[in-house]
Amino acid sequence: AVRYDDFSSLLAQVNGRASSITAGHHVQQILRAAIRSMALDVPALHYESLDSESRQLLMSYADGFADPLSRLRLAPLLKAEAVPISWDHLSPRESLETFARLITRLGQTSQVRYQSLYVLVDRVEETPLGAPGAVQLLKPLVADGPLLEASGVAFKFFLPIEVGLRLHEEANLRSDRVGIHQITWDEQALRDMVNQRLVYYSGGRVRSLGDLCRS
């Protein structure tokens, strides 16, 4: 799972102009986030079944897209030298699909492996552009139909209802290819959600807002 929920680098790359963002920009940031997830979340054992070519290619992705700390963590796990790749000669879909194929070679054994790259897109309305700019920010990603259909890759977007509806309309998304689910909350469901978060983040010490007030 890849958490794509920080768009600060993306916006800095285009000087804050959402209209300049392309699908290629998004794929660069998704690969950066994916390599970070690999470095932090994938156990060292899962790299042992990789052949030398896969190790070299993953190191090439790390050289091309990773932040310095993620590259530093991956180097001793991959134990390979990067091969030179001209990324500009690959389409965004080709870059993402090739990376996904490499991900599915990671696993506990050669038979028990990851099955796909799962990209979770969230917090897009929390950028300086706000909810109105969220549509323009995401449109290049969702409007590129072939990219959303990349083999071995799945996308899941968590969006405010107004952003999702406008994006569906402006990007002309096909309902037979993109599933859209609206989640609504009543008062009790919101209370339960808040209490569950309090329990989780307090390690079970706080079970409700009332507990916080009493303490």
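A search of the whole structure finds seven salt bridges, a salt bridge being a side-chain nitrogen of Lys or Arg within 4 Å of a carboxyl oxygen of Asp or Glu. The model is predicted: local features need pLDDT of at least 70, side-chain atom pairs count only at pLDDT 80 or more, and totals for chains, interfaces and linings use all residues. Side-chain values use heavy atoms, with hydrogens and water left out, and residues are numbered from 1 along each chain as its sequence is written.

**Exercise 1.** Determine which parts of the chain the pair Arg3 and Asp41 links.

*Solution.* Step 1: the side chains of Arg3 and Asp41 form a salt bridge with an N to O distance of 3.2 Å. Step 2: Arg3 lies in strand β1 (residues 2–4) and Asp41 in helix α2 (residues 23–41), so that distant parts of the chain, 38 residues apart, are linked; helices (H or I, at least four residues) and strands (E, at least two) are DSSP runs, numbered from the N terminus. Step 3: Arg3 has 43% relative accessibility and is partly exposed; Asp41, with a relative accessible area of 43%, is partly exposed. Here buried means under 20% relative accessible area, exposed over 50%, and partly exposed in between (1.4 Å probe, protein chains only).

**Exercise 2.** Classify Glu97 as buried or exposed.

*Solution.* Step 1: Glu97 is joined to Arg93 by a side-chain salt bridge of 3.1 Å, N to O. Step 2: the two residues are four apart in helix α5 (residues 92–103), therefore about one helical turn separates Arg93 from Glu97. Step 3: Glu97 is buried at 13% relative accessibility, whereas Arg93 is partly exposed at 28%.
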